[in-house]
Amino acid sequence: MRKQIRDIQVNVEVKGTGNAVVFVHGLGGDLNIWNSQVNACSRHLKTVTYDLRGSGLTDVSQPDYSIDLFVEDLKALLESESIESAHIVAHSMGTMIAEHFAVVYPESVKSLTLVGGFTEPPEGARKALADRSTLVRENGMDSIADSIVEGGFSSYTKTNLAMMGLVRSLIQKNDVEGYAASCKALAEAKAISQCDVKVPVLLIVGDEDKTTPLSMSKHLLKNFPNSELVVLSNCGHWATIEMPIEVNAAILKFINQI
């Protein structure tokens, strides 16, 4: 369902009843990366998934994106669903949005689950993201689809050629301007002060994640006051689809103990 959120039409799906869990996808993804998690969680909870500004079926809008802009979109989404406070589950770039959201609107967050959690992009990654933004504007999404698939998955997952093809298609279908603007937003993102986040935090990371490696999650584990870490074997950066059963179990166990 598309609904008006601030200045854009946002693609939103709501299922189940009870305490709210809001899922925030990452760069190049859409709400469907959470399909398995929604299926598991919506049996017990109210789940809300949405396509970020410029992604999936949500409007692209103005081209200058920032993490702050995504944070305000998320706040407006919760208000549109009359959700005062929610468990926030996020992946990759979405974890930056979730972390900043928890600092700006702490009363709106019951817990954070960060799958492939970011601190902030290191300088080399900032340049690579800025270069990628330029590349897709000049040459389209086909110019990066293969490299993202190659770098995003574990050696084990790469044997699943059907999954590789579906993710390649997902990347290719991104709107060029929306993707480029999201790249720039992530390239400019700054870390929060993790000690300011008082709610429980679950960190989930693949042992072969090259985008947000285990060392990054260990840093977050050290600096969030109330956090725990789950490391998934034979898993890369796209944990929600590489190891859905393990991710689902970790999320539900974590939320149920809060």
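Okay, some ground rules. It's a predicted model, where local features need pLDDT of at least 70 and side-chain atom pairs count only at pLDDT 80 or more, while totals for chains, interfaces and linings use all residues. Residues are numbered from 1 along each chain as its sequence is written, and side-chain values use heavy atoms, leaving out hydrogens and water.

So, the big picture. We've got ten helices and eight strands; those are DSSP runs, H or I of at least four residues for helices and E of at least two for strands, numbered from the N terminus. The radius of gyration is 17 Å, close to the 18 Å from the globule rule for 258 residues, so the chain is as compact as a globular protein of that length.

How much of the chain is buried? Of the 258 residues, 55% are, with buried meaning under 20% relative accessible area (1.4 Å probe, protein chains only).

Now the rings. The whole structure has four aromatic pairs, meaning Phe, Tyr or Trp rings (six-membered for Trp) with centres within 6.5 Å; planes under 30 degrees apart are stacked, over 60 edge-to-face, the rest tilted. Phe23 and Trp34 sit 5.1 Å apart, centre to centre, with planes at 45°, so they're tilted. Both are buried. Then there's Tyr65 with Phe70: centres 5.7 Å apart and planes at 75°, so edge-to-face. Tyr65 is buried at 5% relative accessible area, and Phe70 is buried at 1%.

Key
The radius of gyration is taken over C-alpha atoms; the globule rule is 2.2 Å times the number of residues to the power 0.38. Buried means under 20% relative accessible area, exposed over 50%, partly exposed in between (1.4 Å probe, protein chains only).
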